[in-house]
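Hi everyone, thanks for letting me go next. Let's walk through the ligand surroundings together, with the picture on the screen.

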Amino acid sequence: MVAEKSGKRLNSASELELLCEEIKRSVSARTRTVTICCGTGCLAYGGTKVAQAFRDEIKSRGLESEVEVKTTGCHGFCERGPLVVIRPENILYQRVKPADIPQVIDETLISGRVIDRLLYTIPGTKEKVTYEHDVPFYKKQMRLVFGANGYIDPTVIEDYIGCGGYAALSKTLFEMKPDEVVDEVKKSGLRGRGGGGFATGAKWQSTREAHGDPKYVICNCDEGDPGAFMDRSLMEGNPHAIIEGMVIAAYAIGAHLGYIYIRNEYPVAVKHAEKAIAQAEAMGLLGENILGSGFSFSVKINRGGGAFVCGESTALMASVEGRVGEPRAKYIHTSEKGLWDQPTVLNNVETLANVPLIINRGAQWYSSIGTANSKGTKIFSLVGKVNNTGLIEVPMGITLEEIVYGIGGGIPKNKKFKAIQTGGPSGGCLPASKLDMPVDFDELTRAGSMMGSGAMIVMDEDNCMVDIARYFLSFLEGESCGKCVPCREGLKRMRQILDRIISGQGQPDDIELLENLSETLTWGALCGLGGGAANPIMSTLRYFREEYEAHIIEKRCPAGVCKPLISYNIINEKCPNCTLCIKACPVGAITGQGKKLPVILDQVKCTKCGACYDVCRLGAVEVR
Amino acid sequence: MAIKLTINGREFQAEPCDTVLTVAKAAGVYIPTLCHSEAVSDYGACRMCLVEVERRGRKRLVTACLYPVEEGLKVTTDSEKALRVRRTVIELLLARCPGSAAVKEMAAALGVTESRFSIADENSKSDACVLCGLCTRVCAEVVGASAISLVNRGTEREVALPFYNEAGDCIACGSCAYICPTGAISLVDSGNKRIISWPQGTVDFAMKACLNCGTNYAPVRQVEFMARKSGLSPSEFDYCPDCRKL
Ligand SMILES: Cc1cc2nc3c(=O)[nH]c(=O)nc-3n(C[C@H](O)[C@H](O)[C@H](O)COP(=O)(O)O)c2cc1C
Ligand code: SF4
Ligand code: SF4
Ligand code: SF4
Ligand code: SF4
Ligand code: FES
Ligand code: FES
């Protein structure tokens, strides 16, 4: 039945509904589904081989009619990949190898027994967890947008339709007027997930009201922030949700053509988006006369130029137009004069993926999640010095502490939490005193950081905040387009000042100079890249000023990171001459004095590589 | 429909398409600029024209050369913040272009005589160029040759001929040299040669000699360009303007 209808054009709302029912029935006819994550993370750990092994094994045992094998996009817990989830029970196996497959089939699928060694173990308590929803990493999440990734094969449109996909589109086209769609999005309180947090409904309304035809919808999948991969995971894992969001946006503002701007480094995202567009067009969910409603909208894919600044709205549009991706002043909003000077809605991937949810379940339901001015959930990529890294989706208003300790499982090796960097290169570093802060757009901004695209980097006592500020600054220096003076020249100077502070050449008025340059960039730069570039410095100066002062005045790096400012020393009382460090030192800077006597470290020869510190099991090497 | 706005407390009227800079200029209010010229489109790169505007109680700095006027706008061209940012910007340029008299002059006018930033690592090639892009805009928008462009990103950015040394599409008209505010482009006519030096390369161009008096009256390429553009026969350009009148 399904096979017969699939891929055929749907000409009405009821045809879509019928197909959805049929797919649901055919899925429940099978008792089990094995989902294997083949997101970029799990692929790197061998996801495809695991999936192939499952397919071969299921086939050779003739279990195809009972067990469905499905490859999906990223589930978020990439660190433990390849992930295998057996549904409907949701048994989670992690770090699965092709050799494990026969056993999984024999024991779990046939005999219903759980294989202990493939389960996730909670690091602290060593407790084994059987079900996906019990793993602490998932437990405190609210995976409204991202959750579907674990259930659908992104290359199979029927999977999306079977989960209720395109129902929001159908409702939009047949039950709502464009104004009502805009109103619903406004009432939901949805704010842009691309960085600025601009109210999506207001943006749609001004584009809708702007004079000019044609109008355009653009999906921003440039995602240049280092460490961020939520847009990629959504585009790879659930492209139809984004397309559905785009068509709804198009209907709301009156556009008939849209673009997905995907960075070139995301080949799988491009492939899946292309496939999704072709499938949706074939089934009448995109293109001419969608679902027989009379509304038409097509989507084209544009591959990004590869520069971070191309994510900026005006630069992105210039790039789509085939010009150099360089920003221009936005005194006239792109909602009025955007792509080819026509009214344009530009939205982030995640923003658009939220839209079907709002239409399906209503603005009231949506706005019940989150805080007063930040509604819904947000996907963050949690990385750095935290036990569980990966992509998480949490309701707005969750505290940083719950993210770092509850979901992230705390700091490895019992080190002390020092800071969390949020918002990507233009964000800021928040100290331990802010851990109880609820995470939303405004709270983060007030604290001197920002939501940004949602990268979160956890830092512990071994991170030097001056060094961290320098890292982000030099990233932006390398990404500056070079058009305006404050950004091009200012970033270079700020980086030079930080360089000299880190190398022990800091001067007494350097902090003041940094503050002055920060102001110049914040107020004087042409686009958001330069405008936000000072945030890492300003926030670290705000919360970790004494670290700057230690570098400049005492010529000391408290975290023991900045090489010119540190030295390795032997703590005589602790050193029984085990000779590990002597063997580890690549330059022969450590010599023994005989049995039971401490070793001697020659500061002149030492290159500060830290090898001795790393190998010493007795803690006899210290860094000062 | 005229728009009312105030600049430094005085009320002015303007057309909706005017920018703050044009209104201020017409009113005789000075705003420093480096990358603006009436001849070409505005670009917003030098940020010297930053002024403070207030709209619905919210204050921010905007570039006067790009900001369209609007009803009730309050502009302050010399607010403390605008001045402070402008001074730091010119200080940055001073460190970048120690060789430019124009930059030094503008800095002095803003009360900046030295830069807090070292110039030690500057390469002498970009000695005077502030990367305002006036030359590339005039060449593209007015001349129509698009012979030079701004290449590379960030601090690597520079004005360059395609592939750095071939004259390519340059017709040797010299418009870029005339518009350059800093003297980073020079033009010398010597005998049958016109020598143009851009920040990243120097090219000699042959001059066309008048068939009658022998004067080198224009670069060969420019004459060819004019013939092409005008559709006139190349022989129309055999004589210099003076001899043609005879
Ligand atoms: C330098 C710079 C880089 C940006 N990069 C991205 C990006 O990679 N992805 C993105 O969605 N938005 C990015 N933005 C923000 C976009 O310009 C734009 O505000 C956003 O895509 C709008 O969508 P939203 O309203 O759904 O957030 C960037 C902004 C700046 C200034
Ligand atoms: S702020 Fe930086 S990235 Fe933005 S236009 Fe200026 S130079 Fe380019
Ligand atoms: S830090 Fe490196 S070079 Fe120095 S003593 Fe230890 S091992 Fe040798
Ligand atoms: S001289 Fe050459 S580069 Fe300069 S404006 Fe004329 S054509 Fe352009
Ligand atoms: S050469 Fe002159 S006109 Fe061209 S960018 Fe440099 S300073 Fe501006
Ligand atoms: S790629 Fe498999 S969980 Fe992220
Ligand atoms: S004159 Fe306005 S930015 Fe240069």
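Around ligand 2 there are 13 residues, and the nearest are A:Cys481, A:Lys483, A:Cys484, A:Cys487 and A:Cys527. A residue belongs to such a shell if one of its heavy atoms lies within 4 Å of the molecule. By class, this shell has nine nonpolar, three polar and one charged residues. Here Ala, Val, Leu, Ile, Met, Phe, Trp, Tyr, Cys and Pro count as nonpolar, Asp, Glu, Lys and Arg as charged, and the others, Gly among them, as polar.

A quick word on the source: this is a predicted model, where local features need pLDDT of at least 70 and side-chain atom pairs count only at pLDDT 80 or more, while totals for chains, interfaces and linings use all residues. Residues are numbered from 1 along each chain as its sequence is written, chains are lettered from A and ligands numbered from 1 in the order written, and side-chain values use heavy atoms, leaving out hydrogens and water.

Now for ligand 1. Which residues come nearest to ligand 1? They are A:Gly194, A:Lys203, A:Glu223, A:Asn348 and A:Thr351, out of 18 around it. This shell has three nonpolar, ten polar and five charged residues.

Two of those neighbours make polar contacts (pairs of N or O atoms within 3.5 Å). A polar side-chain atom of A:Lys203 sits 2.6 Å from an oxygen atom of ligand 1, and for a polar side-chain atom of A:Asn348 the distance to a ligand 1 oxygen is 2.8 Å.

How values were computed
A polar contact is a pair of N or O atoms within 3.5 Å; within protein, one must be able to donate a hydrogen and the other to accept it, and residues adjacent in sequence count only if both atoms are side-chain atoms.
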